[in-house]
Amino acid sequence: MSHPHPELGPPPKLPKGGLRVTPLGGLGEIGRNMTVFEYDGRLLIVDCGVLFPEEEQPGVDLILPDFSSIRDRLDDIEGIVLTHGHEDHIGGVPYLLRERPDIPLIGSKLTLALIEAKLQEHRIRPYTLEVVEGQHESVGPFDCEFVAVNHSIPDALAVAIRTPAGMVVHTGDFKMDQLPLDRRLTDLPAFARLGEEGIDLLLVDSTNAEVPGFVPPERDISNVLRTVFAGAQKRIIVASFASHVHRIQQILDAAHEYGRRVAFVGRSMVRNMGIARDLGYLRVPAGLVVDVKALDDLPDEEVVLVCTGSQGEPMAALSRMANRDHQIRIVAGDTVILASSLIPGNENAVYRVINGLTRWGANVVHKGNARVHVSGHASAGELLYFYNICKPKNLMPVHGEWRHLRANAELGALTGIPKDHIVIAEDGVAVDLVDGRARIVGKVQAGYVYVDGLSVGDVTESSLKDRRILGEEGIISVYVVVDSTTGKVVSGPQIQARGSGIDDASFAAVVPKIEEAIARAAADGVAEPHQLQQLVRRAVGRWVSDQYRRRPMILPVVIEV
């Protein structure tokens, strides 16, 4: 198995007749999925998603793929193929279209409807091309064939990309539910046909490669939900991803069966479910769904609320309910269902929400105590089955953390794919398909691009380090006025602390040390304010470290008069 080396340099010019595959996100992480294909000077992009921030990225709203490697080649982009409508596959599209708004978006009906609604908020009117499974489209030099796959959102597609360099198949996110609610199966006969034709490079979803066996059918959740609904005494509050149409359908069915009314809470949930209903993907009995304000007139035992926040997102509805910061107040006897998986990295936030809800008397039902979620990604048994059908010449695991990528690579090797034909890459690593072999050839920049409010890319790792220090250690500000002629202190030092756990009065002990440092500098002829600020920072920093074993951020201000 080939894998990247940290010292890889920039990739060379693509050989004539070769195909280059460069993932800009989604490898080594769960989210931010984006892959760039290059042939004959033209580019095709598959997906452009976002990654959601973790606790060590305070203040960040979203994390985007790094577009820097394609920024000077925007006119070479033939189109963006969107495999499905989840945020980790479409959330970055508005930010790429800001740089070139007329890049065609290619995807299924529901996927395009979801991204069009998102782009409307960004005031972008995209050019779109709707496709269905079995359809072929020529996108520049790329011949794209779309294949139905089953996932946790309707209308998901894999794509087979044919060029003179060979055929690449990108699965997107998929599983092999044999009893899907919409009867839309992963099209194994189509994959078998592609395998017989000859798949030169297969890019495969790795998310569940470590999980043995097969994913249970989505419809297994229905009986669990009925049991929960039958035993609920008061309101039922369900938290789910705002795009999980199949899961919401089962909630609606259970609510209808038990005589409850349903209200959607949260902008994205209301928007997405409205789109799914209008397009016929969500079947809603007449009178079942009501405005959230209408729930005030209904008894608690007839109420179901469907909201976002299943991942413990601090600003989502469920987290705010747990923190008593929402108009909907949790009371003893309410039932809360977390109908989703735990995305790696979100565990602490989710359990914090569960504890908060339980504190107010709610009965919390989650994946840990009931089967209220099944995954949308193929497990190891399904992947083995898939490899035996596709028989790829080369394999490149995608969509997953390092452990998932390696586990997926091992599965491919078990089915007979030669280990030297399996490429384990990471974000930014360029893989060339030349003469039937896939090889790593170099690496482009593919770091995190942070969205913070209206700013995109302005927040750096250094900024985040400062934020973490501020959050964990606090800040100490020191103001000193110095005579520009003599270098003596004429006012101050005035010291204030916030969040450091040190009382302001305690700083009297460090004042002589600051004055001594400035006097010594004056004797040495040091009068430049920046140099004096560094001396003050070191004096205060040493004292705080010695006395309190803490390292707060220290902001010295030296003013000359």
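Predicted model: local features only at pLDDT ≥ 70, side-chain atom pairs only at ≥ 80, totals over all residues.
Helix α3, spanning residues 109–121, packs against helix α7, spanning residues 267–278. The angle between the two is about 140°, and their axes lie 10 Å apart. Angles over 145 degrees would count as roughly antiparallel; α3 and α7 are therefore oblique to each other. Their crossing is right-handed. On the α3 side, the contact is made by Leu-110, Ala-113, Leu-114, Ala-117, Lys-118 and Glu-121. The α7 side contributes Arg-267, Arg-271, Asn-272 and Ile-275. By class, the residues of this contact comprise five nonpolar, one polar and four charged.

Lys-118, located in helix α3, has a relative accessible area of 12%. The threshold for a buried residue is under 20%, so Lys-118 is classed as buried. With neighbours within four places in sequence left aside, the contacts of Lys-118 are Glu-87, Ile-90, Gly-91, Pro-94 and Arg-271. Of these, Arg-271 also belongs to the α7 side of the helix contact.

Strand β23 (residues 475–482) is joined to two other strands, β24 and β25. With strand β24 (residues 489–498), β23 runs antiparallel, and seven bridges connect the pair. In this pairing Ile-476 stands opposite Ala-497 of β24.

Methods: Residues numbered from 1 in each chain as written. Heavy atoms only, no water. Axes fitted to C-alpha atoms, helices over the stretch in contact; angles between N-to-C directions. Helix = DSSP H or I, 4+ residues; strand = E, 2+ residues; numbered from the N terminus. Parallel < 35°, antiparallel > 145°, perpendicular 65-115°, else oblique. Left-handed = near helix turned anticlockwise from the far one by under 90°. Contact = heavy atoms within 4.5 Å. Nonpolar A, V, L, I, M, F, W, Y, C, P; charged D, E, K, R; others polar. Buried < 20%, exposed > 50% of the residue type's maximum accessible area, 1.4 Å probe, protein only. Pairing = 2+ DSSP bridges.
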